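Please keep the sequence and the coordinates in view while reading.

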Amino acid sequence: MTSPRLTIDVWADVLCPWCYVGEHRLSTAVARSPHAADIELKIHTWQLDPDVPTEISWIPEYRVRKFGVTPAQARAMEREVAGQAAADGLPYVLDRPVRNTLDMLRLVHLGNEHGVGRPYMAAMQDELFGGNPDAFARDTLIRLGVNLGVPAGEIRCVLATDRYADAVRTDHAAAVALGARGVPFTVLGNSFAVSGTASLAQYTDAIDRAWEHTHG
Amino acid sequence: MADTPPTPSPLEFIETGPDGGWCDARTGLCTTAAGSEVPLPEGEDAGPQAGARSTPSSPPV
């Protein structure tokens, strides 16, 4: 495989709704680029809220508890991103589970070792935002990884240890050093950054600009 | 092989438009770039960014 001629680094968390929408838009923009074959997308992890409990709760009640809003307000917080997800043809279930994502993010790093970190996170997000109540379950995470070629034994080993926890912290620190204040955070060609989710047209333009900048 | 994040260097931040949003690491709030954000209850100090509606276009100072 030849070296990619444009690298796009993306920081994201599984439970971040804008990361889910952004992943699909950016992937589409890359796929449609005339330079698609020479672009490499790399996923990096960013744990948006390390204080989320390890026990499962549900998004509306989680938001009520975390932000002190009413249940109606909690749902309103979701509806706008749900609307944009729907406009992009993405399923988006409001009543979905939530729990601490450190285990998932550690598995994304395992996925990166096998060259499938990005699709692994995308598969986790598809399960979560698609409404699977068992999106965080160990069996689900194993199934998703195995589907991508990650050995089940390695997934179980990661889940049984704290392996890759340092990698999650290192990724976070690297993003902060680059100026990230939230996610998704996208760096194109180590020259341009998009903080947050952009439209498909803006991702396309950003790719073109980064390509021009890199290859002049 | 571990994926190495890019090294810090001056980045040009590209503005995002109304069809996007982001999740603020400090507040945990996920907001649309053009849409509304549910206000926090009165008296809750969410800091100066709590009412921000647009995604940041530059790194923090």
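Both A:Cys16 and A:Cys19 are buried, where buried means under 20% relative accessible area, exposed means over 50%, and partly exposed lies in between (1.4 Å probe, protein chains only). The two are joined by a disulfide with an S to S distance of 2.4 Å; a disulfide is taken here as a pair of cysteine sulfur atoms within 2.5 Å. The torsion about the S-S bond of A:Cys16 and A:Cys19 is about 85°, so this disulfide is right-handed.

The model is a predicted one, in which local features need pLDDT of at least 70 and side-chain atom pairs count only at pLDDT 80 or more, while totals for chains, interfaces and linings use all residues. Residues are numbered from 1 along each chain as its sequence is written, chains are lettered from A and ligands numbered from 1 in the order in which they are written, and side-chain values use heavy atoms, with hydrogens and water left out.

Over all chains the structure holds two disulfides. The other pairing to consider is that of B:Cys23 with B:Cys30, whose sulfur atoms are 2.1 Å apart. B:Cys23 and B:Cys30 are both buried, and the torsion about their S-S bond is about 110°, so this disulfide is right-handed. A:Cys157, by contrast, is partly exposed, with a relative accessible area of 39%.

Chain B has zero helices and three strands, helices (H or I, at least four residues) and strands (E, at least two) being DSSP runs numbered from the N terminus. Of the 61 residues in chain B, 44% are buried. Chain B exposes about 3,400 Å², of which carbon and sulfur atoms supply 55%; accessible areas come from the Shrake-Rupley method with a 1.4 Å probe, and for residues only the protein chains shown count as cover.

Strand β3 (residues 30-32) of chain B contains B:Thr32, which is buried with a relative accessible area of 6%. The side chain of B:Thr32 makes a polar contact with the side chain of A:Glu80 at 3.4 Å. A polar contact is a pair of N or O atoms within 3.5 Å; within protein, one must be able to donate a hydrogen and the other to accept it, and residues adjacent in sequence count only if both atoms are side-chain atoms.

In soluble globular proteins, nonpolar side chains tend to be buried together. Here the largest nonpolar core has 75 residues, such a core being a set of buried Ala, Val, Leu, Ile, Met, Phe, Trp, Tyr and Cys residues joined through side-chain atoms within 4.5 Å. Its largest share, seven residues, comes from helix α1 (residues 17-32) of chain A. A second, separate core of five residues includes A:Phe67, A:Val69, A:Ala74 and B:Leu29.

Among the residues with the most contacts inside the largest core are A:Leu107 and A:Met124. Leaving aside neighbours within four places in sequence, A:Leu107 is in contact (heavy atoms within 4.5 Å) with A:Tyr120, A:Met124, A:Leu141, A:Ile155, A:Val158 and A:Leu159.

A:Tyr120 and A:Met124 are also among the buried residues of α5(A). This helix is mostly covered, with 10 of its 13 residues buried. At 1.5 Å a residue, helix α5 (residues 117-129) of chain A should span 18 Å, and its end C-alpha atoms are 18 Å apart, which agrees; the expected span is 1.5 Å times one less than the number of residues in the helix. Just after α5(A), A:Gly131 takes a positive phi of about 100°.
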